[in-house]
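Please read the following explanation alongside the sequence and the 3D structure.

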Amino acid sequence: MGFDVPGEAYDRFMGRYSRPLAGMLADWLEVSEGQRALDVGCGPGALTGHLVERLGAAQVAAVDPSPTFVEACRSRFPGVDVREGTAEALPYDDGSFDVAGSCLVVHFMQDPVGGLAEMARVTRAGGRVGATVWDLHGRREPMAPLWGALEEIDPDHPGERRLPGGAEGQLVAILEGAGVRDVEGAEMAVTVTHPTFEEWWEPYLHGVGPVGESVAALGPVRREQLRATCRERLGDGPFDLTAVAFAARGRA
């Protein structure tokens, strides 16, 4: 789903938002010295980097189904145990970690409940398990300006609003369905200043994620129409965009 791309392309597309969000998730999961932690769906390493800063590379593991992301994460964080694999079949023994986190991944899992159940399985009893998903249903994700403009051009486009975990209460329900105990939810907001319109627009041209695939599927004329609509709404820059994610955490 648009994630077999170089790590640098994903960073330009989402890293500016995912890195600060991952830091908030690490704080909320109470990651602290002496723990062993797992990043599920690590991508190029937004959450992995925060875990390494807190725990050291030897205490961190990461897993992702994309070979290009696995390569990028390994290159950026030598010493981290980075493996290719899916959330639904984690390649680790029961109780291997003190904390397991998944930042902006649950809505792309083939089986979100199964994926979170696996995260709980590989976390020791009482350890933290948590995740984040953008508010896709409420249109508070970073891609909201583009999805809104795309609806004008293609009103029947499904967008991402129906992906699991992207509406209020859904992420909590997924963790509870996975057998995670004492689940609680929160919202986390990230504000990014975009210096120019082009800096905001260019990352969407690399086919990253569902929105990148949607832009790529447009012909040149409709793509230019989309660009013009977005520029009219956002201006030349600089401008601030605030994105809000749902977060949920509990105990294995």
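The count of disulfides in this predicted model comes to zero. A disulfide is a covalent bond between the sulfur atoms of two cysteines. The cut-off used here asks for two cysteine sulfur atoms within 2.5 Å. For Cys-42, the closest cysteine sulfur is that of Cys-73, at 4.0 Å, and this is too far for a bond. Cys-42 is buried, with a relative accessibility of 4%. Cys-230 is buried too, and its relative accessible area is 1%.

The sheet comes next. Seven strands make up an open sheet with mixed pairing, and their order across it is S3-S2-S1-S4-S5-S7-S6. The edges are held by strand S3 (81–84) and S6; each has a single partner strand, so one side of each has no neighbour in the sheet. Direction ignored, neighbouring strands of the sheet are turned by 20° against each other on average.

Strand S7 (residues 239–251) sits between S5 and S6 in that order. It runs antiparallel to strand S5 (residues 123–134), to which it is joined by seven bridges. Val-133 is found opposite Phe-246 of S7 in the pairing. On the S6 side, twelve bridges link S7 to strand S6 (residues 181–194), and this pair is also antiparallel. Here Gly-185 is placed opposite Ala-248 of S7. How much of S7 is buried? Ten of its 13 residues are, so the strand is largely enclosed by the rest of the structure.

Elsewhere in the sheet, strand S1 (residues 37–40) and strand S2 (residues 60–64) run parallel and are joined by four bridges. Two of the facing positions can be named: Leu-38 stands opposite Ala-61 in S2, and Asp-39 stands opposite Ala-62 in S2. In S2, five of the five residues are buried, so this strand is largely enclosed by the rest of the structure. Burial applies to both faces of S2, with Val-60, Ala-62 and Asp-64 on one side and Ala-61 and Val-63 on the other.

Helix H4 (residues 112–121) lies across S1, strand S4 (97–103) and S5, and its angle to S5 is about 145°. Helix H2 (residues 46–55) has seven of its ten residues buried, so it is largely enclosed by the rest of the structure. Which residues of H2 are buried? They are Ala-46, Leu-47, Thr-48, Gly-49, His-50, Leu-51 and Leu-55. These buried residues pack against the helices H1 and H3 and the strands S1, S2 and S4. Just after H2 comes Gly-56, with a positive phi of about 90°.

Helix H1 (residues 7–28) packs against helix H3 (residues 67–76) at an angle of about 90°, and their axes are 9 Å apart. H1 is therefore roughly perpendicular to H3. On the H1 side, the contact is made by Gly-7, Glu-8, Tyr-10 and Asp-11, while H3 contributes Phe-69, Ala-72 and Arg-76. By type, the residues of this contact divide into three nonpolar, one polar and three charged.

Notes. Residues numbered from 1 in each chain as written. Predicted model: local features only at pLDDT ≥ 70, side-chain atom pairs only at ≥ 80, totals over all residues. Heavy atoms only, no water. Axes fitted to C-alpha atoms, helices over the stretch in contact; angles between N-to-C directions. Parallel < 35°, antiparallel > 145°, perpendicular 65-115°, else oblique. Contact = heavy atoms within 4.5 Å. Nonpolar A, V, L, I, M, F, W, Y, C, P; charged D, E, K, R; others polar. Buried < 20%, exposed > 50% of the residue type's maximum accessible area, 1.4 Å probe, protein only. Pairing = 2+ DSSP bridges.
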